[in-house]
Amino acid sequence: MKIGHYDINLDSPVFIIAELSANHNGSLETALETIRAAKRAGADAIKLQTYTADSITIDSDEEDFIIKGTIWEGQNLYKLYQQAQTPYEWHEALFDTARKEGLVCFSSPFDRPGVDLLESLETPAYKVASFEITDIPLIEYIASKGKPVILSTGIAEMEDIELALDACRRMGNNDLALLKCTSSYPAPVEEANMSMVRDFKDRFDIISGLSDHTMGTTVPVVATCFGAKIIEKHFILDRSVGGPDASFSLNEKEFAEMVKVVRETEKAIGKVNYSLTEKQLKGKDFSRSLYVVEDIKRGETITEANVRSIRPGFGLHPKHLKELIGKEVNLDLSSGTPLSLDHIK
């Protein structure tokens, strides 16, 4: 999978996305500064959400359209999305600023006009939001554009994932990734289920990753250990200014810390390799080896009393001890001499 100048594969570094979402709080300048801050924090990409309230729902005060059981308790769906939307007329400036900063910029569209807008801006990829994974006609339209498609699985059961992947492949698009997501805001760590990151990769033979709504860095680190190649986190300049997504977004300092620990985790994971580095080989000086520990005269035999396996590691390998017991030495050996096969008759 290639997004912008990033090749994302099983051996590549984690592709780290800062999610702008509603964290512009209705200010274009805030949105632009958030992009610049994401670059400073070490993000590889900035992701937008491309919709109007009419893209997602209708303006209704019926009970079905009042939010229950979330941080947006009691709010009207239409009014929430009116508040949270990123105006279409901002998109060109946001894309341009991201490119100037060296960030990949792409978005989650929520209807066909949103896709068309992103196509006009030459988006390098698409994200399908968690709650849209069941919208097969939208997914087909997105996939038909031939760009990489990243799908979040927050509300998806197995059938939903299979239907979404089939929809993309039906349109001839196999450039796909699945992100484990917990659609809870903020999400509790105990519901992260990072084992799914590895299962997605193995079960669907696909790039897998994390769309994270937990706070802190623990879950991204675990995801990296389980093979995540994409990590997405909501990003905000300052949580204290509030907004629909503020409570589960990281600020610049926190995001930079997440990037740091993910990069350190990648280094720590390393690769399967039984050879030693030059520094590690030097450490063998402190390993055990066979040393003379009591003076031995020429012609005397080696015993467990006069030769032992001790530190440092400049003598014979301890594996030779049993075979050497009872053999004669061909010269005088003083205590502290590293034993050699040249010393044996």
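Visitor: Hi! Which side chain of opposite charge is nearest to Glu132, and how far away is it?
Guide: Lys127 is the nearest one, 9.3 Å away. Glu132 is buried yet has no salt bridge. Do keep in mind that this is a predicted model.

Visitor: OK, where does Glu132 lie?
Guide: Glu132 lies in the loop between β6 (126–128) and α6 (136–143).

Visitor: And what is Glu132 in contact with, neighbours within four places in sequence aside?
Guide: With those neighbours left out, Glu132 is in contact with Phe110, Leu138 and Ile139.

Visitor: How many aromatic pairs does the structure hold?
Guide: There are 5 aromatic pairs. One of them is Phe200 with Phe204, a tilted pair with 6.3 Å centre to centre and 55° between the planes. Both residues lie in helix α8 (residues 195–204), 4 residues apart, which is about one turn of the helix.

Visitor: Are Phe200 and Phe204 buried or exposed?
Guide: Phe200 is buried, and Phe204 is buried too.

Visitor: What about Phe235 and Phe255, why is that pair edge-to-face?
Guide: Their planes stand at 80°, so the pair is edge-to-face, with the ring centres 5.1 Å apart. This pair links distant parts of the chain: Phe235 sits in the loop between β10 (230–234) and α10 (252–269), while Phe255 is in helix α10, 20 residues apart.

Visitor: Why does Phe235 count as buried?
Guide: Because Phe235 has 0% relative accessibility. Phe255 counts as buried at 0% as well.

Visitor: Switching to the core. How many residues has the largest nonpolar core?
Guide: The largest nonpolar core has 59 residues, and those with the most contacts inside it are Ile46, Leu151 and Phe255. Helix α6 gives the most to this core, with 6 residues.

Visitor: Which second, separate core is there?
Guide: A second, separate core has 14 residues, including Ala45, Val104, Ala125 and Ile207.

Visitor: Back to Ile46: what is Ile46 in contact with, leaving aside neighbours within four places in sequence?
Guide: Quite a list! Among the contacts of Ile46, with those neighbours left aside, are Ala18, Leu20, Ile35, Leu103 and Phe106.

Visitor: Let's go to α10 again. Where is Met258 found, and how far is Met258 from Ala43 in space?
Guide: Met258 is found in helix α10. Met258 and Ala43 are 9.9 Å apart in space, C-alpha to C-alpha, though 215 residues apart in sequence. At 0% relative accessibility, Met258 counts as buried. Apart from neighbours within four places in sequence, the contacts of Met258 include Ile16, Pro220 and Leu250.

Visitor: On to strands. Why is β9 largely enclosed by the rest of the structure?
Guide: Because 6 of the 6 residues of strand β9 (residues 207–212) are buried. Both faces are covered, with Ile207, Gly209 and Ser211 buried on one side and Ser208, Leu210 and Asp212 buried on the other.

Visitor: How many bridges join β8 to β9?
Guide: 5 bridges join strand β8 (residues 176–181) to β9, and the two run parallel. Ala177 has Ile207 in β9 as its bridge partner.

Visitor: Last one: which way do the residues of β11 point?
Guide: Ser289 and Tyr291 point one way from strand β11 (residues 289–292), Leu290 and Val292 point the other way, and all are buried. Strand β11 runs antiparallel to β12 (residues 307–310), joined by 4 bridges, and Tyr291 stands opposite Arg308 in β12.

How values were computed: Residues are numbered from 1 along each chain as its sequence is written. This is a predicted model: local features need pLDDT of at least 70, side-chain atom pairs count only at pLDDT 80 or more; totals for chains, interfaces and linings use all residues. Side-chain values use heavy atoms; hydrogens and water are left out. Rings of Phe, Tyr and Trp (its six-membered ring) pair if their centres lie within 6.5 Å; planes under 30 degrees apart count as stacked, over 60 as edge-to-face and the rest as tilted. Buried means under 20% relative accessible area, exposed over 50%, partly exposed in between (1.4 Å probe, protein chains only). Lys and Arg count as positive and Asp and Glu as negative; His and the chain ends are not counted. A salt bridge is a side-chain nitrogen of Lys or Arg within 4 Å of a carboxyl oxygen of Asp or Glu. Contact means heavy atoms within 4.5 Å. A nonpolar core is a set of buried Ala, Val, Leu, Ile, Met, Phe, Trp, Tyr and Cys residues joined through side-chain atoms within 4.5 Å. Two strands pair if DSSP finds at least two bridges between them.
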